[in-house]
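Thanks for coming. I will go through one model today, chain by chain, and then stop at a single residue.

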Amino acid sequence: MCSDKIDQILARHRGKPGALIRVLIEIQHEKRWLPKEALAKVAQALEVPLSRVTQIATFYKTFSLKPKGRHEVHVCTGSSCHVRGAARLLAEVQRMTGLKPGETDSESRFSLETGSCLGSCSLGPEIIVDGTHHARMTPAKVEGVLKRYS
Amino acid sequence: MAKLRSAAGLETLRADIVSRRDPGKRCIAVCAGAGCDAACSAAVVDALREEAAKKSIDVKVTGCHGLCEKGPNVVVTPGELCYFGVRPEDAPGIVAGTAKGVRMDEVPFYKHQMRLLIGDNPRIDPTRIEDYLALGGYAALSKALFQMTPDQVLDQVKKANLRGRGGGGFPAGLKWETAKNAPADERYVIVNGHEGEPGAFMDRALFTGNPHKVLEGLIIGAHAIGAHRGFIYTRHDSPKLIEHIETALAQAEAYGLLGENILGSGFDFEVEVHFDVGIFVSGESSALMRSIEGNPPEPRPKYVRTSVSGIWEKPSNLNNVETWANVSQIISRGADWYASIGTEGSKGTKLVSLSGHVVNSGVAEVPMGTPLRTIVHDIGGGVADAKPLKALHFGGPMGGSIPERLIDTPLDFDALAALGAPIGAGGLLVMDDGTDMVDMARYFLEFLTHESCGKCVPCREGLLQMLKILTSMTNGKGRNGDIARLEDLAEVTGMACLCALGKTASDPLRSMLRHFKDEYEARIPAGG
């Protein structure tokens, strides 16, 4: 595991309680989730009670306390994608993957997320897989897109 | 690079940068804004660079040009020739000058705009401060530091009647004055670049594409208010935005435009970057300040304004990205010039994110007072698939909708607020006649139900109950009394919540009950 990376992140912010959110973001970006041991390390390094670290880690939606799948499937449900049919698209992605938003499958292939308009409304409705935008989607195109990720 | 220690030093540097540039030399600007980036503009950049390397042509990667719908966008100067939907294989033709472009001032999307804030985007590589300096950047800061007193700067902003672009439309000058006069040993300035509202993407277009414009405004504001520490609060999920902001800060500091003894004036100012972590309420001013302190972003009652007691109980002046971006032009061109643009109560230009059922999605900038018809039809190209227009929605989940018949309403803080559709941050959602207005209210409430921080009961529980009623109405299970119950709940949450999220959560619903009540009544079956 990349605990070296976590140590590097912590070394940059050691003893700075105000950097708590930033440190958690950096670990989340690095590992894509926050393991329990990492939270304990953060508490120790930043000199913040573990309860406080847990409070922040559970409050913000960006932080995940569970491991994510190999591929992150993000269905944009912003207002523009919504009026352009995001609900039908999401229903199809849910049907294909068997996942609800926030869930990861047992084989750790996909994690499904919704929400958070990324500002590329001109491409909507869209599905973003591992950061790649699949624009102007229809339910019929979902299978073809998901097949590309194993 | 040596730190600049005088106004003259800045002008010498600028003259040097400009003298090294040949205005006649061709430059190809490729948009890497949110829409174009997602449409793989990076591949276009690679292809153009490979082709241009053979000739003396620059390829610049820039921020958002505006017309996201037709991305990836390319603009070639001189001549401002636009190329739309560019693919890597188009590179040879563009570089050779044989591909046919359209002059920017002849593109309908652009020609009805007044692009004071975003117009420089195609001319600026956001990672190079020299590009901003070449266009006159930081001259306003120099003027504010050496030719004006902080009070004179404040007076100009007040006289310009610059109103906050983040949603409230509160006069920025009055807020600055409150923060300046509040008794304290320290005070702060903050850029709110949270932009968590779905369908709003103009702030990141501006901030990612021209970060120094926002930073210059912030430094001028800090000097006027007497702050030596500033905070930028922005999105964690936009890597380019973060990179450009951090690069801009480092370059400004290297040139002595930020940090200790700015331009030798004796004024010290430093800036930290903080990130939102994906929750809508953290864009609310008091919640945002808790977040900067490292606490959960729970709003607090505002009996005392944050401009009096904000971060660590110190006076903290928060303005939105677009508000700060307006400051430098007010200082360099004067309050009278600024106030000559717009309407009686709404001055200057406004960025608008166009989305939904519109032909041209993108970021437009128009003078305040521009009729919505111009924005939707002339700039936006009308409704997609030639369908009839049904409604326009401003301000996202805390905004409101107006029907098509009000399309001649001017873009004006007060005129739109009076109709129940306040401008908000400037996200304009276009809806065609197939849109279900009951479902739209349900959609916005569902969004806010997930975003409620849970502190105030009327917000946490009231939104949920409204959502339940609206969900059953959209499922054909509306019952007698539902509309009255919705109106009751909307009134209570509107009064009894601490922050704007709870207070205005039912605004979309209220606007729809005002303008589209028949659709709601039709969802109550006879005898239901």
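Two terms first: two strands pair if DSSP finds at least two bridges between them. Helices (H or I, at least four residues) and strands (E, at least two) are DSSP runs, numbered from the N terminus.

This is a predicted model, in which local features need pLDDT of at least 70 and side-chain atom pairs count only at pLDDT 80 or more, while totals for chains, interfaces and linings use all residues. Residues are numbered from 1 along each chain as its sequence is written, and chains are lettered from A and ligands numbered from 1 in the order in which they are written.

Let me start with the sheet in chain B. Five strands form an open sheet in the order 11-10-14-12-13, with mixed pairing. Strand 11 (362-367) and strand 13 (400-403) of chain B are the edge strands, each pairing on one side only. Ignoring direction, neighbouring strands of this sheet are turned by 30° against each other on average. For that angle, axes are lines fitted to C-alpha atoms, for helices over the stretch in contact, and angles run from 0 to 180 degrees between N-to-C directions. As a reminder, strands of a sheet pair through backbone hydrogen bonds, either parallel or antiparallel.

Now strand 14 of chain B, residues 427-432. Which strand runs parallel to strand 14 of chain B? That is strand 10 (residues 349-356) of chain B, joined to strand 14 by four bridges. Opposite B:G427 in strand 14 stands B:S353. Strand 12 (residues 389-394) of chain B pairs with strand 14 in the antiparallel sense, over five bridges. There, B:L428 of strand 14 is the bridge partner of B:F394. Five of the six residues of strand 14 of chain B are buried, so the strand is mostly covered, where buried means that 20 or more other C-beta atoms lie within 10 Å of the residue's own; exposed means 12 or fewer, partly exposed is in between, and C-beta atoms are placed from the backbone.

Strand 12 of chain B also pairs with strand 13 of chain B, antiparallel, over four bridges. B:I402 in strand 13 is the bridge partner of B:L392, and B:S401 in strand 13 is that of B:H393. The hairpin of these two strands has five residues between the strands, and B:G395 takes a positive phi near 80° in it.

Next, the domains. Chain B is divided into domain 1 (23-107), domain 2 (129-339), domain 3 (349-432) and domain 4 (437-521); domain bounds come from an automatic or database domain assignment. The centres of domain 2 and domain 3 of chain B, taken over C-alpha atoms, are separated by 27 Å. Their contact takes 16 residues from domain 2 of chain B and 15 residues from domain 3 of chain B, two residues being in contact if their C-beta atoms, placed from the backbone, lie within 7 Å. On the side of domain 2 of chain B that touches domain 3 of chain B, helix 10 (residues 202-209) gives the most, with three residues.

Helix 9 (residues 172-181) of chain B has buried residues B:A172, B:G173, B:K175, B:W176, B:E177 and B:A179. What covers them includes helix 8 (150-159), helix 11 (211-225), strand 9 (316-320) and helix 14 (321-333) of chain B.

Over to chain A. Chain A has seven helices and four strands, running α-α-α-α-β-α-α-β-β-β-α from the N terminus on. Its C-alpha trace spans about 50 × 30 × 20 Å along its principal axes. Of the 150 residues in chain A, 41% are buried. Chain A is divided into domain 1 (3-59) and domain 2 (71-146), and their centres, over C-alpha atoms, are separated by 29 Å.

Last, the single residue. B:R229 is in strand 7 (residues 229-234) of chain B. Why is B:R229 called partly exposed? Because it has 18 other C-beta atoms within 10 Å. Leaving aside neighbours within four places in sequence, B:R229 is in contact with B:Y188 and B:E270. B:G259 is 30 residues from B:R229 along the chain, and their C-alpha atoms are separated by 9.5 Å.
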